Amino acid sequence: MNFAFDEEQKGLGDTVGRLLADHAALTGPDLSPEHNVAAWAALAELGLFAMMVPEDHGGAGLGAVDLALAVEAMGANLAPLAAVEALIVTDLLVRHGTRAQQHEFLPRLAAGDLRVAVALTEEGGDDAPESVTASVAGGVLHGRKLLVAEAARADLFAVVAQSGAGPAVFLVPAGAAGVSIRAHEDIDPTCALGEVRFEGVVLGEGAQVGAGAPLRAVARLHDAGAALYACLLTGIAARMLATAVDYARTREQFGQAIGSFQAIKHRCADMAVAIDAAQSATYYGVWALSEDAADRARAVSMAKAYAGEVARHVCNEAIQVHGGMGFTWELGLHRYLRRAKLIEHSFGGALWHNERVVSETLRMLEEDEAAQLAAA
Amino acid sequence: MDFTYSPAENEFRLELRAWLADALPKGWGETVFEPEDERERAMFRLDWERKLHAGGWSGINWAREYGGRGASLIERGIFAEEMARARAPEGINIIGHNLAGTTILAHGTEAQKKRFLPEIISSREVWCQGFSEPNAGSDLASVRTRAELKGDRFIVNGQKIWTSYAQYAQWCFALVRTDPDVAKHKGLSFLLIDMRSPGITIRPLRQISGECEFNETFFDNVEVPAENIVGDLNGGWKIAMTTLTYERGPEDALGRQVRFKQELDKLMLTLARTMQGRRAAIDNPAIRQRLARAITELEIVRLNALRSFSRILEGGDRGSDASMTKLYWSHAAQNMYEVAMDALGPLAPLSGQDPAAAALGRFQLSWLQSKAFTIYSGSSEIQRNIIGERVLGLPR
């Protein structure tokens, strides 16, 4: 039992944080996605995309826990979302990919040469990955996906769609006939979100990930997405608190630093406690994901719902602490507000994850009751 | 990061689980419950603490030489989980174990350790805490209870308030003024006072829950042997801060989490059986959203404690996150009881004796009790000041 990151994990988080800090344009006020290209290249050069790839495919063979602090730093520095999605799909392929898929994609993912985006969300969807309406019949995919990160730059889509045996994940090359992309108009244009249409896309042999257990592959993709996105959220929240505290220490009104007033000090204290709590939930969720623990679903849902609510709260509060400055375009706090809002609604919003927390808790309670009865 | 347990830790868990199954009354938590009467309940809990001691399960993290089993913080975490799982009763000598004991361990003389620790761990002596006074609440350093050193004894005069369990306690640790002529933090001492001494009067205070757990305690020329001081004369503030760090620390939070988790589990099962219109209360989507938040926050109380343990094991200091720990659990628990009352709907106002009350009215009683959480052991406002200034570095 140990609830601490080791020196290597902390070191990786620091390294990624420092590297991204050199790409200051990522956190600038303007909503251009153009800075993502250089940041992606720098992360690839650092070897980030190889971290979760097994050693026999040219990677470092690390798990999600090893990367948690690095992903948190990616949140704090508004790194390209596509970079996190690459990690999420890597995790999926390592766990559920066929030998052929691993052989084909993992080395290219490791090198940062393959850009892959998760195509999950649908209009009319309810956040449950199993209720998608995109479908594959006779090896042909039909469907329309929304909010796909950097869709126009993707080489490959990981598409959640119904198969004959229920929901499943399919890998679809962006260049396949029948794939078309429309850029969204949305809250965070730096993520270059797009709508992707799959209209009669003929899938190759072996396009499905985890054919032996399709629903498990879908759940894995969704849980990995939710857990790593929770890390992004705690990173955003921690950065916003640090910014608010710096401001409160130096900004003077009534002849003293505003941080000396309890109205400000207590807000900051509450933020600090909330972030610490969100980190406890998130780190545990990432561990449960990494270990495929018995309470993985519940732990991940707790993390995503809670970190989302905390990040939202802290972004709002940070703007309030900054007063009029907080509302300016130029200061750029809106970048975090926008990114947090987008992430909050990706891989399941708080409503869906909260419902899952309750149903999983009831299931675990009933199992425990039954076990105790059996023991008696 | 690793949440799996070693074979030795698993063995520890199974040994405890087996002991608990044997030690608790048959039907415990199902058909057999704690006594209704407050005093009987206190005695029941004291008996349970003595039973734990007899079985070797009291003060487990204390060193063997003081009667403990030198358990690691991890084993302490397992202990809390198993107590929750077995719905074990709580104790009334919490102040003795968690505050008096830990403070004496940290700052007491060898003679004090030998005299007091075995009596605490066995719960042969119950303790209460003499910190707050009518005019020293959040501003604790302004206590006025006076202790004058005359020869080989202190003469104590004054009044303490909110002294929980004073009616059951044989001993009290108190923060008293030994020098009225210096800055307020610098004239305080930490005394161990025998509650059986002549000159002590206890008057019970009725709480909003209707219970009389806490009291006013009056000291009228009470004689305390000079050797019952912990730390230096006028050095009591530092000692009291140690006590508060433990009072707000992760061990305390984990112990409480056990109780709250039991109540939350009970709530979920109660709501599954409680019909509201055409559906069970547990199936109300609005309530489920709030239950999820309560479940998550309570799990975070546990995770926060485990994270603190890991920080302490890595050599981190205790002080910095104690206020964060306390602020979080107190509000999480209050929120959980608010959800409980809302979820019970029209039955929420019914209390224990009413035949239509849900789960013997326990959620209502706990809801009332929970109002104290954000006040005692430092109000939330004080915790926020500490976090703002000492953790975040905001100016005073």
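**View 1. Domain 1 of chain A against domain 3 of chain A.** Here 21 residues of domain 1 of chain A are in contact with 25 residues of domain 3 of chain A (contact: C-beta atoms, placed from the backbone, within 7 Å). Two elements of chain A, α3 (64-76) and α4 (81-96), each give two or more residues to the domain 1 side (helices are DSSP runs of H or I, at least four residues, numbered from the N terminus). The largest share, 9 residues, is from α3(A). By class, this domain 1 side has 13 nonpolar, 5 polar and 3 charged residues (nonpolar: Ala, Val, Leu, Ile, Met, Phe, Trp, Tyr, Cys and Pro; charged: Asp, Glu, Lys and Arg; polar: the others, Gly among them).

This is a predicted model, where local features need pLDDT of at least 70, side-chain atom pairs need 80 or more, and totals for chains, interfaces and linings use all residues. Residues count from 1 along each chain as its sequence is written, while chains are lettered from A and ligands numbered from 1 in the order written.

**View 2. Domain 1 of chain B against domain 3 of chain B.** Chain B gets domain 1 (7-91), domain 2 (127-235) and domain 3 (248-391), with bounds from an automatic or database domain assignment. Over C-alpha atoms, 21 Å separate the centres of domains 1 and 3 of chain B. In contact are 9 residues of domain 1 of chain B and 12 of domain 3 of chain B; the domain 1 side splits into 5 nonpolar, 1 polar and 3 charged.

**View 3. Chain A meets chain B.** Across this interface, 37 residues of chain A are in contact with 39 of chain B. On the chain A side, α7(A) brings the largest share, 14 residues. That side holds 25 nonpolar, 7 polar and 5 charged residues.

Definitions and conventions
Two residues are in contact if their C-beta atoms, placed from the backbone, lie within 7 Å.
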